[in-house]
Amino acid sequence: MTDTRKQGTRSRGEQLSILDRTARWITLPRFIFAATLFFFLTSILFPFYWMISSSFKTRAEISGRAPVYIPSEWRLDAYQELFDPESPIGRFGTNIVNSVKVAIPTALIAVILSTLGAYAVARLKFRGKDVLLNSILMVYLFPGVLLIIPLFAMLAQIGAKVGFNVQDNLAVLVVTYLATTLPVALYMLANYFRTIPAEIEQAALIDGCSRLGVIWRITLPLAVPALVSVAIYTFMIAWNEFLYALVFLNSRELFTMPIKINTIYNEPQPIPHVVMAASTLMTLPVVFLFLALERFLTEGLSAGSVKG
Amino acid sequence: MTATTQHKQSSFAKRWKSLESREGRLAWGLVLPTALIVFGLIIFPAIFSIWISFHDVGLHNLNDVFHAPFVGFDNYSKVFQDFAFKFQGRQSWGAAVTSIVYSFLATILTLIVGLIASLLLNRPFRGRGIARSIFLFPYVAPIVSVAFVWRWILDPRPSGVLNDVLMRLGLIDLPVAFLATRGLALVIVIFFEAWRYFPFAMLMILARLQAIDNTLYEAADVDGASAWQKFRFVTIPELRYVLGALFLLRLMWTFNKFDDIFLLTGGGFGTKVLPVLTYEFSFRLLDFGRGAATAMILLVILVVFMAFYVGIVMRNVDAE
């Protein structure tokens, strides 16, 4: 008895002192700081929570008289509908594969081509370098909607002559994504190559290594972080791209994820839980990729490398 | 004697030249694939777009574009007379004015939010690393996902969460159709832009903040400056260049942006900006000439503004 009472008073005393301490700790600047931080974190995280939690709700929960803040049960209805082979909005697996088919080749080719180009820009002297760099910078200026009309007309013309379809052709999409990502990749890599001391390369050249040998044996191993971040960026741009895919793809079988999600959203009967399920599947890989490689990536982000 | 030295010199020069040209040839070999793709798929199409804007190009003659009839400024005058384009008083701004208002306000708001976020993250606190990663989420996530999540949050049906929260708090009596109310829709779209793009501004400002010489603050402390005075007279001047550059970049990108508004409102309810109008002319009406003309008008507005900004505003900043 006495023991418990003692404990009670002691803990009350501690509580008081904690309250006291926090009261003393909280000053106006600290309060403003904490409140602003809280505001930022909730307004950033809530949409992501809402996306993921909505994807586990049922049709009844999604169209009820009030929003369901926490799903009573984490149901997979939306995902089942999304992968349903019978339904026109289903077969999302095909769309995931299409996105992968576009994003991975774009990333690989962009890394290879931009490495070669960036090395030349960073290390070699050649005529027309400034003209080249300036015209590559112009890419920042041209809106996608401006380029898509002539691109469409041009590729339709070439396609009619050579014999390929402009529409519903994932290869055409890869080529257009390369055009929009290569300039950025080239700038990023060239900036990185400049930070590698030229003396190391010169030593190898004097020892009889060829230029291409130098690139392969010396520069590339030193530039792995930059290569990784360029690969991730180009992958993300191709993975997320909307406008070109919207114009160039017509058949549901060839839709990349963004276009498929857009059509699901525009179904006559709204099914937000399915849209959110598809969005979750599209967002999670990108966010995880980003978190895993963040150290490489933020530097590139602040270098203004991502157009968006 | 002189002849031999001359001979030596010229052969040396030749060798030097050939070495240089060999390097040049290698360089062009390395750049060529990138250069071809960029010129073929960006620079040439951009020039071709000017050509299209003066011709009657539609779906019927798309496979034979080069024989499309020349129509002079017809496409341009059609755009200027279009009700979706021209300003007709306060009720209906038209795409040009909407674009300008939207880009300016969205850019300024993005910069302000980015500045606040960078000031938050510039102070050391427990969990700062995680907070920084989280702050980047809106910028990293795919635009389609975040646009549709926001549409779903802003949904006017009873299951829309923002309406529910506001009604529970007693701030509104009836659900509001946020993205389907003229005026309000534009405000929401501007807020969305700030939500999505502030991390980019934040990162660039943060990098500059961390490079500010701490002795400046110490000197201000000695002079008895308040926190606000330190911010106003030390931090802001140090951030001048990065803010100026950010403003230009973000304004340019926002002005050119198609996806965000197209996905959020489809360009309805007073949010039709020039990129969306370009898309509609080209791929809804299938009038590519008119679409190209709209895109050229967009580009001209942008270039004129940039010339003005770089020539006058940035020079004044330099002079200060």
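Two residues are in contact if their C-beta atoms, placed from the backbone, lie within 7 Å. Keep that rule in mind for what follows. The model is predicted.

**Chain B**

Take contacts in chain B between residues at least 6 apart in sequence: 66% of them join residues at least 24 apart. Chain B is built from 13 helices and has zero strands. Its pattern along the sequence is α-α-α-α-α-α-α-α-α-α-α-α-α. How much of chain B is buried? Buried residues account for 38% of its 320 residues.

Next comes overall shape. The C-alpha trace of chain B spans about 100 × 75 × 35 Å along its principal axes. The radius of gyration of chain B is 27 Å, whereas a compact globule of 320 residues would have one near 20 Å.

**Where the chains meet**

Chain A brings 85 residues to the contact, and chain B brings 73 residues. Which helix of chain A gives the most to the side that touches chain B? Helix H2 (residues 28–55) does, with 13 residues. The table sorts the side of chain A that touches chain B by residue class.

| Class, side of chain A touching chain B | Count |
|---|---|
| Nonpolar | 60 residues |
| Polar | 19 residues |

Key: Residues are numbered from 1 along each chain as its sequence is written. Chains are lettered from A and ligands numbered from 1 in the order in which they are written. This is a predicted model: local features need pLDDT of at least 70, side-chain atom pairs count only at pLDDT 80 or more; totals for chains, interfaces and linings use all residues. Helices (H or I, at least four residues) and strands (E, at least two) are DSSP runs, numbered from the N terminus. Ala, Val, Leu, Ile, Met, Phe, Trp, Tyr, Cys and Pro count as nonpolar, Asp, Glu, Lys and Arg as charged, and the others, Gly among them, as polar. The radius of gyration is taken over C-alpha atoms; the globule rule is 2.2 Å times the number of residues to the power 0.38. A residue is buried if 20 or more other C-beta atoms lie within 10 Å of its own, exposed if 12 or fewer, and partly exposed in between; C-beta atoms are placed from the backbone.
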